[in-house]
Each structure stands twice: as C-alpha cells, then as structure tokens.
Amino acid sequence: KTIEIPLGTVGRLGVYRLHVDFGHFAHQARFCVVPSSKRDMTARGCPFGMSAFSAHMARIPPESMVALHRKAGVLRTAHWPWREKLLDVKRDGLLPHGQVYILNPIRAKFDPKTETFGIGEEKVLEGVRRQVEAVPFADTVLIWHETEPRVSGVPVEVLASGVPPPSDEAVLAGKYVNACGKLLRRHFPQLKIQIGNTGNSFGAATIPFRGGANPEYYDYLGIEWPGQATPPEIGLAQMQVSQRCASRYANRPISLNGCYEFTYRSTHSTSVHTISEEAQARFYMRDILLSLIHGFRLINPGVLIDARNTYFSSFWGSSGFCMAAPSCYPKLSYLSYAVLTKMLDGAVFTRFLDTGSSSVYAAEFKRADGRFATVFWCRRGEGVMKIGKGDAVEAFSMRGKSLDVRRVDFGEEPSYVISRKPLTKVLLVDRSFRLGERLYDGGRHAVRVTTENAKVESVRFKIKPQGPFPAVVTGVDVTDPGDGRCL
C-alpha cells in the first residue's frame, strides 16, 4: 500500500525530518526543499560538481544520480565507472568532469634509468585513448592518481639545512613527469596536464622539480585532500604555496584546479576528523567559494552519497552530501550547495572588499545574469555587516533564508548579498564569538549494548593524540531510534 504524505504546504527552503510511526516500527525520514533548479549556466561552463562514486555500495540508478545533481544545480559529475551510462548522463544535461588518467609508474612499469614504459608506449596510450573515446569532451589528464610516485609530504629541502641531492623518489617523479608529458603533448595535444590528485599538493608540485621535471608540462596543479576537519582557509593555503613554488620554477603563472576525490568532510567517520553535519555544510561551502576565487575549472568536493559498506566508517566514507543508499536522505550540505549554485549562477570572482578585519571575508562575484553576489563569512564566530543604502537587492543565509539587506548577519556559514551594481561600502558593525561550540560531534558514535541488563557506570577511552589539544570523551547510556540501547 502506498501512503501519500502532502508536503506541498512546506514552502520554506530547508532540510526537514519526517517521523513515520507504524506502531510496531518507526522510521526517521528526511526530505529537502531546495531553490528552483533553473540555472543560466550550461553544463560545459559549470565548474560545480560532485563525485557519484559507484564503489563501496554507493551505486544508485542513473536517473536518481542525475536528479540529485540537477536539483542542486550541480552539472558536472565524476561518474564511476567511466563507461556506464555516460551517454545517458550527457543527454540528461550533465557532463562528466572531463578528467582522465595516465597509468601510474608501477602499473606502467616505468624505468627511470631508460625513461621508458615497460609495458610499451602503445599500452599506455591505449588506456588514455579508451577514456577519451568514452568522454570525447575530456579536457584534462592527471599525471598520477593518489600517491604514486610518493610525492606527498613536505619536500626535504624545507626540513634540512642546505640542499641535499635529489632522492630516488624525486628522480623517479621528475623523469616520469617528463616521459608522460612528451607522450601526451605528442598524441593528445588537446588535453591539459594536471600535476596532482595526491594527498599533498606541495610535494606533488615541487618534488618532481627536484628530480628534473620540465615545468612546460605543468598546466594545472591539483590536490586530493586539503583537510577534513581543517578550516578551508588553512587547508587550501597549501595549494597557494604549491602554486607560487611551481610558478616560480616555471617562470610563468600555473593555475589551480580540482580533481577526483577533492576534499572529504566526514560526518560519521570513526577517525578523529569526524565533524557535525552543520560543520560539514559550512566547510564545504567555503571550500567551494575559495576554489571559485582561485579560478578552478572543476570544483568537485566530497561524494554524492555516503558509502554503505564498512568504508562508511573510513575517513571519507561519510563525506556525502546525502546519506547512504537506498534512502539517500539529504544532509544540510546538500541544501547549502543548491543555494550556493543559485546565488553564484555562472559567477566569476572579481575582487575582495575591505572589511576592516583580516579574518572577515567579503568576496564579490559577477553572475551570468549581470548582477553581483557578495559573499560574507569568517573563520570563527559571527558578525553583522552594514550595507550602503540602496546598494543591495536581496540577502540570503547559507540555508537560503532571507536576511535584512541593510544589516546582514554572517558567520562561519556564508551569507550572500545580491546587488545590481558592485557594493560601494560595507562596514563591520558587530563581531562575536560563541564559547564551547562543538566542531566535532562525538554523539554520533553509538555502540549497541548486547547484554540486556548491562549498566554503564564508567567508560575509559585511550585516544592517540593527534595534536596539542586533549580529547575529552564521555560515555552515555542512551536509546537509539534505530539500534535500541546503545553506549
């Protein structure tokens, strides 16, 4: 039997919880009201993407995957695997993100002494050609995936006094970049070469130079993991360092770009990096804003839905904008992404406005419709920004709530001010900080109590220190809606 629940009167944007009680069984559902999915930008011009990761039981029907993208105004997708339903995705108005790979040095059996591929050049080219045939509008090729060769970490010359001779790994990385660069420039001149998808863009950019990499093969720099619980303003700073180093080596500007698996903000991980859904939303939105400011052609944070197997508890498995299949219930970050793509429809960064504070940001963008969107946020706390009379037309919170256009509230959650012309004056009139705020939501970790009469009296956890701050852990005997009695 199908029961229809009338939701047409809800109206206001938001993520709503729906408690369904069948007497012998209860279920906590969710639904989301998002802005209209109409956008001026096209899929080809849209930088906003998500990873529709199909591994680890995160596969959903293509029509559901397409709908979740389009409703959020997200028109680029890292749809895995490459060959599955790609034409359907293109027909439905989405574009795969357009990045392909060349084999890593281990699989290609690269020999740094002879600078040749053990499996033969044709085999290496075949792998790239197969991907380009599946995605003929591919525009970028990644030199390596994740950490091969080992170019993560801080380059040794930063840690040591003097300049030591290049390590074997640096030589391998440098020669591999050169061999791949020659091959790709000759056979795929339409593809831009991206140095990256590694855990740390600093080493990825600079270590190959130590081994003799030719900077002519550096078109873009990418990064996989700028940080989970690290504020975006800090995590993405390493990309700026990489960019400056690489641009100096190359004696020309080198651009930054996103890639597969770009930034994970997990809400249910068993690692110390778990953050609340609220923190995930504001961190993802600031990740996206900073990426747009730095001119990324592809902004591809997180994954579409959480993993459904044991990877759910890994450091990235719950980084989805929606919960795991089959429900795919939306998180706050999904609503926030839909609001952002509406506010910054076809937007290009133009300038920063002076706020009078180095930790309060005001970024101005020009939208596809000719209007301007100025985004206010800060790393910690909250504030109020006074806007010049007659400048602003509308103002909205990260969650899509209308705000006073003369006195705009903002905080760690960005706020948007829409105007016909650039704002002439902004004035920071209030700034405050909340004490005792929890960034990490420890209450999400529940362990089922299997003994009926068990009583929780005291709990002790041994936690490996991850930094200078002590961890405070409290055990509570609770009743979980899904699992029953839990610790």
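## Arginine 265 and aspartate 287

In this predicted model, the side chains of arginine 265 and aspartate 287 form a salt bridge with an N to O distance of 2.9 Å. A salt bridge here is a side-chain nitrogen of Lys or Arg within 4 Å of a carboxyl oxygen of Asp or Glu. Arginine 265 sits in the loop between β12 (255-256) and α9 (277-293), and aspartate 287 belongs to helix α9, so the pair ties together parts that are 22 residues apart in sequence. Helices (H or I, at least four residues) and strands (E, at least two) are DSSP runs, numbered from the N terminus.

Arginine 265 is buried, at 1% relative accessibility, and aspartate 287 is buried at 0%. Buried means under 20% relative accessible area, exposed over 50%, and partly exposed in between (1.4 Å probe, protein chains only).

## Other salt bridges

The structure holds 16 salt bridges. Arginine 351 pairs with glutamate 364, their closest N and O atoms being 3.0 Å apart. This pair links distant parts of the chain, with arginine 351 in strand β15 (residues 348-352) and glutamate 364 in strand β16 (residues 360-366), 13 residues apart. Arginine 351 is partly exposed at 32% relative accessible area, while glutamate 364 is buried at 3%.

Lysine 38 is exposed, with 59% relative accessibility; aspartate 40 is partly exposed, with 44%.

## Helix α3

Helix α3 (residues 121-134) has 14 residues, which at 1.5 Å a residue should span 20 Å; its end C-alpha atoms are 20 Å apart, in agreement. The expected span is 1.5 Å times one less than the number of residues.

The buried residues of α3 are Val124, Leu125, Gly127, Val128, Gln131 and Val132. Seen down the axis of α3, they fall within an arc of 150°, so they line one face of the helix. The arc is that of the directions from the helix axis to the C-beta atoms. The face turned away from the buried side carries the exposed residues Lys123 and Glu133. Elements covering the buried residues of α3 include β6 (99-101), β8 (116-117) and α5 (168-187), where contact means heavy atoms within 4.5 Å.

## Basis of the values

Residues are numbered from 1 along each chain as its sequence is written, and side-chain values use heavy atoms, with hydrogens and water left out. Local features need pLDDT of at least 70 and side-chain atom pairs count only at pLDDT 80 or more, whereas totals for chains, interfaces and linings use all residues.
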